[in-house]
Amino acid sequence: MSVKHFITAVSLAMVSTVIPLTVTAEQHAHDAKSAKPGHDMNKMWAEMRTRAVGMAVSVAADEKGKLWLVRMQDGHIRVSHSEDGGKHFSEGVTVNPQPEAILAENQNRPKIAVRNGVIAVTWVQALPKVFAGNIRFARSVDGGRTFSEPVTVNDDQGEISHGFSALTLGDNGRVTLTWFDGRERDAADKGGQKYVGTTVYYATSEDGGASFSANRKLADHACECCRIGMTLDSDGVPVVFWRHVFEGSMRDFALARLDSQPKVLRASEDGWEINACPHHGGDIAVDEAGSRHLAWFTGNPQNPGLFYRRADGENMTAPHAFGDLDFQPGYPAVFAYGKKVYLVWREFDGNNYQLMASVSADRGDTWSAARAVATTGGAADLPVFVVGAQKPLVVWNSARDGVRFFNAEGDL
């Protein structure tokens, strides 16, 4: 089997069973092979809702460099902090006093952002109905000692799909949440009309999360289960990056800036035609000059794998391929600071996962050779960069080694 055919077979196996959470690529392949007609999605969903611990974590840095970690444990969102670069963390503070069914795996993770004394947290509450959920939010204004009563941000209160939330918190106190929302699809279904994918919605708070605007629709026909990438533009306006369903069921990526009149731009031209969700979102970073740095995965059989490009407004560089196709490269994350851009991703050799990294010193024009930063066995989370850090600090959680931090600058 050729390298391209190998990775394409893995990619197709990953999307054969469309569910809102995944753990590992090889687990996907196993699930797809073992799935039978009439597979009990209710049972699968119930198992997800009762997981005691979420593998997926998120970390943010405040202005002084203190790290704030959010995770799910026993139905509670827990926030802890570290003042020594992640070597030791405080005992976690419970955000939601009443336990909830919380999704905290792979593409659907709790998020955290910290600025000017505000600690903002969002997560997805899984409702009893299959794939139904709520976008939840809470904040702390006393240094993480206590959190506000959690609120549901989606103003459609039906037991429908709201999930994969993303979060930004600006220096001006503006909180923005984006998520995938099923209200348009459900309305179309009730009217006997076809609706492909789901919808990107967002809501904003101008007072640090004390209150939120009405929900606003950004785009129809987004891919259902690929995480949303979101960061702040150089002027503090959020920029969103997601897998979209373009005409012909092409599952490529889109980009939009959440200004007064958001415009959706096509950000990749892979031409991956597939009528399923790949569970494989992309990532975005913005540098001081306002350039957007994008990283994503495609399973197009003609040219599969991981890709990077820089977007300056509507002008975009040619895609740069990275990762070793023999080792199932996936789940890229990107970080930009000054003229340097960093890429990290995960590879699997059949036994262990490796955290891989590459760096560009010229804003993405040329790249260093890929290098393995860390290895782990067993279940492993996706590598993600620490939000708000002034250096390329990566957090990687695994069943064997727990939460670890790596400075991509020092480890390259």
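Strand β3, which covers residues 76–82, pairs with β4 in the antiparallel sense over two bridges. Please keep in mind as you explore that this is a predicted model. Along that pairing, V79 stands opposite V93 in β4.

Let us step back to the sheet around these strands. Four strands make up an open sheet, in the order β1-β2-β3-β4, and their pairing is antiparallel. At the edges are β1 and β4 (93–94), each of which pairs on one side only.

Now to the overall layout. The protein chain is divided into two domains: domain 1 spans 41–222, and domain 2 spans 278–411. How far apart are the centres of domain 1 and domain 2? Taken over C-alpha atoms, 23 Å separate them.

| Item | Value |
|---|---|
| Area buried between the domains | about 1300 Å² |
| Share of that area from carbon and sulfur atoms | 60% |
| Salt bridges between the domains | one salt bridge |
| Polar contacts between the domains | six residue pairs |

Which three residues supply 40% of the area that domain 1 buries against domain 2? They are M55, V59 and Q107, and they give more than any other three residues.

Next, the charged pairs. Side chains of opposite charge can pair when their charged atoms come close. A search of the whole structure finds 25 salt bridges. In one of them, the side chains of R109 and D381 meet at 2.7 Å, N to O. This pair links distant parts of the chain, 272 residues apart. R109 sits in the loop between β5 (102–103) and β6, while D381 sits in the loop between β26 (371–377) and β27 (384–385).

Note on methods: Residues are numbered from 1 along each chain as its sequence is written. This is a predicted model: local features need pLDDT of at least 70, side-chain atom pairs count only at pLDDT 80 or more; totals for chains, interfaces and linings use all residues. Side-chain values use heavy atoms; hydrogens and water are left out. Domain bounds come from an automatic or database domain assignment. Buried area is the accessible area (1.4 Å probe) that two parts lose on being put together, summed over both. A salt bridge is a side-chain nitrogen of Lys or Arg within 4 Å of a carboxyl oxygen of Asp or Glu. A polar contact is a pair of N or O atoms within 3.5 Å; within protein, one must be able to donate a hydrogen and the other to accept it, and residues adjacent in sequence count only if both atoms are side-chain atoms. Two strands pair if DSSP finds at least two bridges between them.
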